[in-house]
Structure formats: C-alpha cells, structure tokens
Amino acid sequence: MSSPDITLYTAQTPNGIKISIALEELGLPYKVEKLDFSKNTQKEPWFLEINPNGRIPAITETFTDGKQIRLFESGSILTYLAEQYDKDYKISYPRGTREYYETISWLYFQNAGVGPMQGQANHFSRYAPERIEYGVNRYVNETKRLYGVLDKHLSESKSGFLVGDHITIADISHWGWVAGAGWAGVDIDEFPHLKAWEEKLLAREGVEKGRHVPSPHTIKELLKDKKKSDEEAAKARNWVQAGMKEDAK
C-alpha cells in the first residue's frame, strides 16, 4: 500500500484506545476525529456512512484500489492494521503459524467475551436507572471468571504476553478493558498475573501514547475518588439512558 492516510474515529473508551495503541505500536501516522457521545455524534448520517452500527472505533483510508475503505469493529480494524502494515510482525505473527491462530483465538475471546461481559457489568453497576442485583452479580461474576482464564494463561506464559514472545493485537485488544476493571467492580489484585501483564504493557511507549487518544486516559485516577466517580457515572448514565430510548424508537 502507499503511505497511510488513516483517519481514526474514536472516543476515550476501552474499545477506542485499542486502535490508537496499535497505530502507535506500529509507528503509523493517523488523523483523529473525536466523537461526542453526549451529542449523539455517532448517530449522525455522515458517521453512519462509515459505521452503519453507529459505534466507535472506525477508520477510513484510501485502499489499494484507490477508493476509500471504511472499517468498523475493533477486532476487524486490528486485523486489518496487522495484515496491511505489520510487515515486521511487531504486533502480530505470520499468517499460518501456530502463533497467528493463537492470537486470533485470544482476540476473539476479548471481542466475544471480556468486552461484552464487562460492558454489561459496567452498565448494571454504573448506568442502569436502578440497581438490579441479579444483573450486577451475573455480569461482574462472569467478568471475573474470564479474568481468571486470562490470569491462569498468563501464569504459564514465559514472556508475560498472551501469545509467543511479544505483544500482539490480542494483548492490545484486552488492555483498556483490564485497565478499567475497577469501574466494573472487579478487583484486579485478585488476578496477580493479569495485573503484572497490565503493568508490563503500560510501560510500553506505544501503549502510553495510544491510551491518551483522543483525550486523557484517567480511569485509574478517577477510581481513587469515589465522589468524582459517582459524578462521572451520573453524567454517563443520562446519555446512556437517552441513547437507549432513541434506539428503541
């Protein structure tokens, strides 16, 4: 491909920062468009042309045929970036290798398991109009179960990464969610190997730069201040509930 002309459409969420972290790890140039959920920017017609599902992240760039390509779903975007631009296998492995398929397995584990379950734990713990204990317990406990799977796997990893001897899109896909464990009511200290992995990735320049796109990544600091956490949750709850009503129409 020619020189990248990638535009990333994103917000400060665990899914959004996956892509900026990958781009930083690869050293690729990119432009950023920040979407404002409180104003429902993600539902505007121009963005629905890019992602019909009205969610972030998404990217656009000029493809090999000279036409614009529009990609959405974080796992899809990570796979695209790895296949198109990771010729030195900085965050991936060669297609067809054992490590390639293991990476895909853990990538899907996050996309289909950790993300949806922890997202629901966030919702019932922080955004629901009333506290429903069944919902909280169901999703917090399932998130903990999945963290346990990761923790056991990492306890057996010689490198400290999910696959092989270096960071991959599987690690990148998980990091933002694990960094925000406390927001979902999960104590990361219960998972020492996963906590060590989180800190290992945080020490990387690409992760440090990428996590602050398009705005500062402050979840750790926020969780230390209960009053501020409650205030931020209340703000988010308002637009989450408004969005749910709009989606139901």
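Colleague: Which residue lies over the face of Tyr139?

Modeller: That's Arg138, at 5.4 Å from the ring centre. Keep in mind that this is a predicted model.

Colleague: Okay. And what sits over the ring of Trp183?

Modeller: The charged end of Arg126, 3.9 Å from the centre of that ring.

Colleague: Switching to ring pairs, how many aromatic pairs are there?

Modeller: The count comes to 7. One of them is Tyr9 with Trp46, a tilted pair with 6.0 Å centre to centre and 55° between the planes.

Colleague: Why does Tyr9 count as buried?

Modeller: Because its relative accessible area is 9%, and buried means under 20%. Trp46 has 38% relative accessibility, so Trp46 counts as partly exposed.

Colleague: Which residues form a cluster with Tyr9?

Modeller: Trp46 and Phe47; together with Tyr9 they form one aromatic cluster.

Colleague: Back to Tyr139. Which residue does Tyr139 form an aromatic pair with?

Modeller: Phe124, and that pair is stacked: 5.6 Å centre to centre, with 10° between the planes. Phe124 belongs to helix H4 (residues 98-127) and Tyr139 to helix H5 (residues 133-155), 15 residues apart.

Colleague: Is Phe124 buried or exposed?

Modeller: Buried, at 18% relative accessibility.

Terms used
Residues numbered from 1 in each chain as written. Predicted model: local features only at pLDDT ≥ 70, side-chain atom pairs only at ≥ 80, totals over all residues. Heavy atoms only, no water. Phe/Tyr/Trp six-rings, centres within 6.5 Å; stacked < 30°, edge-to-face > 60°. Buried < 20%, exposed > 50% of the residue type's maximum accessible area, 1.4 Å probe, protein only. Helix = DSSP H or I, 4+ residues; strand = E, 2+ residues; numbered from the N terminus. Lys NZ or Arg CZ within 6 Å of the ring centre and 35° of its normal.
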